[in-house]
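Please walk through this model with me, one site at a time.

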Amino acid sequence: MYKICMTEDVPEREARSFELPDGDIIFITQRDGSFYAYQNLCPHLQVELEFLENQFLDRDQEMIECSTHGALFLVETGECVSGPCQGQALEKVDITVHSDGGIYLIEE
Ligand code: FES
């Protein structure tokens, strides 16, 4: 399995982007001790979500926000609950946290 980063690299209610070996750009965020990963691609126009580096969350750090038109996505599911792509969802990336503190990509 490919190790993406360590858990301490992604603080609670923050997000970090990473490039996978296949060139995909993803981001990981932590909420209440759980980690969630998504492709960095807005379902509205297929553009990257952030304008400033690692700024994937809204001002209250409650939801994931697309910087282009302000679509809001639930951290836990990636579902868009507000904005032009409401009802669509971010593409989830399967990850797992191991006892060594690493966050690993689950490859099929
Ligand atoms: S490109 Fe993300 S909301 Fe329009």
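Start at aspartate 32, which is exposed, with a relative accessible area of 65%. Here buried means under 20% relative accessible area, exposed over 50%, and partly exposed in between, with a 1.4 Å probe and protein chains only. This is a predicted model: local features need pLDDT of at least 70, side-chain atom pairs count only at pLDDT 80 or more, and totals for chains, interfaces and linings use all residues. Residues are numbered from 1 along each chain as its sequence is written, and side-chain values use heavy atoms, with hydrogens and water left out.

Aspartate 32 sits in the loop between strand 3 and strand 4 (34-39). Strands are DSSP runs of E with at least two residues, numbered from the N terminus. Look at the backbone here: phi of aspartate 32 is near 50 degrees, a positive value in a residue other than glycine. Most residues other than glycine have a negative phi.

Arginine 13 also has a positive phi, near 60 degrees. Its place is the loop between strand 1 and strand 2 (15-19). Arginine 13 is partly exposed, at 26% relative accessible area.

Now move to glutamine 30, in strand 3 (residues 25-31). Is glutamine 30 buried or exposed? It counts as buried, at 12% relative accessibility. Leaving aside residues up to four places away in sequence, glutamine 30 touches Val10, Pro11, Glu12, Arg13, Glu14 and Phe35. Contact means heavy atoms within 4.5 Å. A polar atom of the glutamine 30 side chain lies 2.7 Å from the backbone oxygen of valine 10.

Three strands form an open sheet in the order 1-9-8, with antiparallel pairing. Two strands pair if DSSP finds at least two bridges between them. Strand 1 (2-6) and strand 8 (95-97) are the edge strands, each pairing on one side only. On average, neighbouring strands of this sheet are turned by 30 degrees against each other, direction ignored. Strand 1 and strand 9 (residues 102-105) run antiparallel and are joined by four bridges. Methionine 6 stands opposite glycine 102 in strand 9.

Finish with the cysteines. How many disulfides does a search of the whole structure find? It finds zero. A disulfide is a pair of cysteine sulfur atoms within 2.5 Å. The sulfur of cysteine 85 is 3.6 Å from the closest cysteine sulfur, in cysteine 80, so it is too far for a bond. Cysteine 85 is buried, with a relative accessible area of 0%. Cysteine 66 is buried too, at 3%.

Methods. Axes fitted to C-alpha atoms, helices over the stretch in contact; angles between N-to-C directions. Polar contact = N/O pair within 3.5 Å; in protein donor to acceptor, adjacent residues only side chain to side chain.
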